[in-house]
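Here's a quick briefing for anyone opening this structure for the first time. Have a look at the model, then read on.

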Amino acid sequence: MNPNFLQTPIAYLKGVGPNRAETLQSELGILVYQDLLNLFPNRYIDKTQYYKVNQLQKSSADVQVIGKIVHIKTVEQKRGKRLVAKFIDDTGEMELVWFRGQKWIRDNLQLNMPYVIFGKCNWFNGVFSMPHPEMELLKDHEQGLRIAMQPIYPSTEKLINKGITNRVISKLLQQLFEEIKGNFLETLSDGIRNDLKLVSRLEAFLNIHFPKNQEALAKAQFRLKFEELFYLQMQLIAKNMLHKQRIKGFNFDQVGEHFNDFYSNKIPFELTNAQKRVLKEIRSDLGSNAQMNRLLQGDVGSGKTIVAVMTMLLAIDNGYQACLIAPTEILANQHFNGISELLEGTGVTSKLLTGSVKKSERKPIHEQLENGELHILIGTHAVLEDKVKFKNLGLGIIDEQHRFGVAQRSKIWHKNEIPPHILVMTATPIPRTLAMSLYGDLDISVIDELPPGRKPIKTVHRYDTNRLKVFQFIRDEIKKGRQVYIVYPLIQESEALDYKDLMDGYESIARDFPVPEFQISIVHGQMKPADKDYEMERFVKGETQIMVATTVIEVGVNVPNASVMIIESAERFGLSQLHQLRGRVGRGADQSFCILMTSHKLSTEAKTRLETMVRTNDGFEIAEVDLKLRGPGDIMGTQQSGMLNLKIADIVKDNAILKTARYYASLLLRSDPRLENPENLTIRHTYAQLVKYKNIWNYIS
Ligand code: ADP
Ligand code: MG
């Protein structure tokens with residue numbers, strides 16, 4: 001077959017023509033033959049079964065019956081006429097009913113001829129009736145390309161109005177297969193096909209559109225899903241490899257004084273195995289001559305900060321500067337305080353730059369950055385401003401990636417002629433395979449182990465009606481010397497309302513926990529940064545026992561003595577947010593608790609979220625549930641990734657296939673990066689076609 005055959009405009013297919021072509025294009029995006037092949041059914045109706053009339057059930061499932069029409073009549077009713085036919089087989093009788101198109105039916109239906117009818121069956125007034133059945137003469141049914149499992153294609157009102165019904169689409173596909181005459185080009189290598197026992201491409205497409213049975217359909221789906229994900233992964237991995245070849249990075253080949261001194265003398269604990277492994281991965285990037293672009297995933301409290309610090313020391317040992325940016329001032333402050341403490345007496349200099357740093361203080365920071373006196377700059381977005389210039393920035397670290405976009409990453413890139421190494425840290429775990437696809441151009445490290453000695457946080461769900469008991473519990477914990485967070489939702493659209501909730505809550509808490517016995521801090525989005533910091537500081541120092549806050553404390557804040565997290569209106573939070581909030585406790589030696597407060601009115605989805613939180617502390621497991629509940633579309637960053645344009649595979653349900661595809665793609669590209677091996681010719685050719693005809697493979701971004 002001419003390889004361009006499938007690029008033939010759809011109007012040329014027999015049965016299409018210019019009018020239908022236009023509708024197919026506007027409604028389904030079908031421009032060429034290939035697009036029609038790639039119009040995958042949403043679902044299938046199993047027509048492998050034929051029912052007898054006496055087997056019909058009072059449910060309204062789709063059924064297929066063989067029989068004949070013996071009588072047909074028009075019935076007048078108040079709301080118009082309907083056409084009723086008496087349909088019989090050797091076991092009984094039923095009615096077929098039409099409200100629309102009655103004349104056509106009357107003129108075309110043949111009495112006493114065996115038909116196969118198909119449709120939803122209702123039990124009405126003591127008889128079974130089927131409105132608007134699909135009908136086909138038994139002899140045609142037996143001759144036609146038998147569609148035992150009927151595919152149901154995506155449809156729109158306009159398609160139906162223009163007569164392009166499901167059946168017409170099947171017919172067009174039938175025509176297409178006739179024109180192709182079985183000459184399907186294979187797109188995968190024999191090696192992969194044999195390994196995975198994949199059916200041929202022809203067999204796959206035939207059984208997607210005209211499945212013989214469930215098993216053939218399953219094999220066809222597997223083959224096509226694999227193929228789609230395989231080429232997506234090929235694209236992502238190739239991009240990553242190309243990036244490494246093209247983008248030279250600073251070579252940090254020294255492990256010097258600062259790193260070694262810190263590791264042997266200053267580090268306050270033994271690194272976990274996961275932390276060691278991740279550091280090794282980072283060091284190998286830094287010494288590879290290519291720019292590092294690495295995503296570090298680790299659950300809340302898994303100890304990403306120390307990894308960041310040690311990576312910065314490597315930069316400094318090699319004569320470069322480093323910066324670390326965080327999404328909020330509170331978090332930047334906390335990083336700055338923690339890191340300065342860790343680096344005390346090491347001779348490494350660090351400064352803080354946030355929006356609220358005074359102009360007069362900025363000047364010396366700018367100067368020291370430009371003359372190289374300052375080693376480390378920690379801050380918020382302020383660090384990314386153009387006026388902030390480094391002498392030689394060798395490393396940029398971004399904490400909590402989900403708050404930043406790709407744009408921020410690229411800003412750091414451009415702080416130097418040779419882009420600095422980049423480490424992105426996120427505590428919102430996303431399932432690994434999804435991460436690999438979303439951040440295809442990033443390498444991924446995972447800290448999958450918590451520091452030793454942590455007690456798992458106990459999580460419970462309580463209704464508002466139990467508030468008194470919850471308050472008593474808080475009192476008991478405070479008596480033991482613990483501190484407590486009480487968090488209120490803050491959702492942008494209803495900020496005023498949320499603020500009122502927070503203030504009402506605060507007042508009632510202040511009543512129940514009166515001064516001087518209890519001291520309360522409050523932090524919310526409408527406060528000045530300086531006031532926030534002041535309140536936060538009081539809590540960090542232990543001067544206050546209760547912190548009432550909106551979600552500004554969500555990320556990063558570290559107060560080990562705080563052991564109770566109360567989340568108000570917990571049903572209004574998303575899973576990853578709940579998990580983040582819970583991560584604020586469980587940082588010390590004491591048993592910690594998370595109490596999810598809700599009203600009695602809960603949606604099914606909210607219930608699932610709460611149950612998940614109560615069941616597990618594992619961020620990756622929570623991420624999986626979150627992904628299932630919300631779908632990939634809502635997960636930050638998926639929009640740009642092209643993952644939503646998948647035609648047949650489903651990123652959530654086909655996770656296992658995705659893993660397999662990723663494995664084969666990376667194996668292939670590692671052994672034969674230019675696809676020069678004759679065995680891989682098919683793949684090379686297909687890949688080139690994909691890039692050429694982007695319109696049909698729009699998942700290639
Ligand atoms: P996150 O990954 O959420 O940013 P942090 O880096 O803030 O976590 O670490 C959480 C807490 O665990 C900090 O108090 C930190 O000092 C401590 N920590 C980190 N690594 C270890 C370790 N290997 N052993 C003991 N404590 C550790
Ligand atoms: Mg952190």
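Ile 30 is buried, because its relative accessible area is 1% (buried means under 20% relative accessible area, exposed over 50%, and partly exposed in between, with a 1.4 Å probe and protein chains only). This is a predicted model, in which local features need pLDDT of at least 70, side-chain atom pairs count only at pLDDT 80 or more, and totals for chains, interfaces and linings use all residues. Residues are numbered from 1 along each chain as its sequence is written, chains are lettered from A and ligands numbered from 1 in the order in which they are written, and side-chain values use heavy atoms, with hydrogens and water left out.

**Around Ile 30**

- You'll find Ile 30 in the loop between H1 and helix H2 (33-37); helices (H or I, at least four residues) and strands (E, at least two) are DSSP runs, numbered from the N terminus.
- Leaving aside residues up to four places away in sequence, Ile 30 touches Ile 10, Ala 21, Leu 24, Gln 25, Asp 35, Leu 36 and Leu 39, where contact means heavy atoms within 4.5 Å.
- From Ile 30 to Pro 452 there are 422 residues in sequence and 57 Å in space, C-alpha to C-alpha.

**Helix H1 and the segment before it**

- Gly 17, Ala 21, Thr 23, Leu 24 and Leu 28 are the buried residues in H1.
- Looking down the axis of H1, those buried residues fall within an arc of 165°, so they line one face of the helix; the arc is that of the directions from the helix axis to the C-beta atoms.
- What do the buried residues of H1 pack against? They pack against helix H5 (157-161) and helix H6 (166-180).
- Over on the other side of H1, Pro 18, Asn 19 and Glu 22 are exposed.
- After H1 comes Gly 29, with a positive phi near 70°.
- Phe 5 sits in the segment before helix H1 (17-28), and it touches Tyr 33, Glu 179 and Ile 180, not counting residues up to four places away in sequence.
- The C-alpha atoms of Phe 5 and Gln 34 are separated by 8.7 Å, though these residues are 29 apart along the chain.

**Helix H17**

- Helix H17 (residues 467-479) runs for 13 residues and reaches 18 Å from its first C-alpha to its last, close to the 18 Å expected at 1.5 Å a residue.
- Buried in H17 are Val 470, Phe 471, Ile 474, Arg 475, Glu 477 and Ile 478.
- Seen down the axis of H17, its buried residues keep within an arc of 165°, so they line one face of the helix.
- On the other side of H17, the exposed residues are Leu 468, Lys 469 and Lys 479.
- Gly 481, which follows H17, has a positive phi near 100°.

**A helix pair: H21 and H22**

- The axes of helix H21 (residues 604-615) and helix H22 (residues 619-630) come within 10 Å and cross at roughly 170°; axes are lines fitted to C-alpha atoms, for helices over the stretch in contact, and angles run from 0 to 180 degrees between N-to-C directions.
- That crossing makes H21 roughly antiparallel to H22 (angles over 145 degrees count as roughly antiparallel).
- From H21, Glu 605, Thr 608, Arg 609, Thr 612, Met 613 and Arg 615 meet Glu 621, Ile 622, Val 625 and Leu 629 in H22.
- By class, the contact of H21 with H22 has 4 nonpolar, 2 polar and 4 charged residues; Ala, Val, Leu, Ile, Met, Phe, Trp, Tyr, Cys and Pro count as nonpolar, Asp, Glu, Lys and Arg as charged, and the others, Gly among them, as polar.

- Most residues other than glycine have a negative phi, and most peptide bonds are trans.
- Asn 112 has a positive phi of about 60° although it is not a glycine, and at 47% relative accessibility Asn 112 counts as partly exposed.
- Lys 197 isn't a glycine either, yet has a positive phi of about 50°; at 71% relative accessibility, Lys 197 counts as exposed.
- The peptide bond from Val 515 to Pro 516 is cis, with omega near 0°.

**The whole chain**

- The protein chain has 25 helices and 22 strands, and 52% of its 701 residues count as buried.

Notes. Parallel < 35°, antiparallel > 145°, perpendicular 65-115°, else oblique. Expected span 1.5 Å × (residues − 1).
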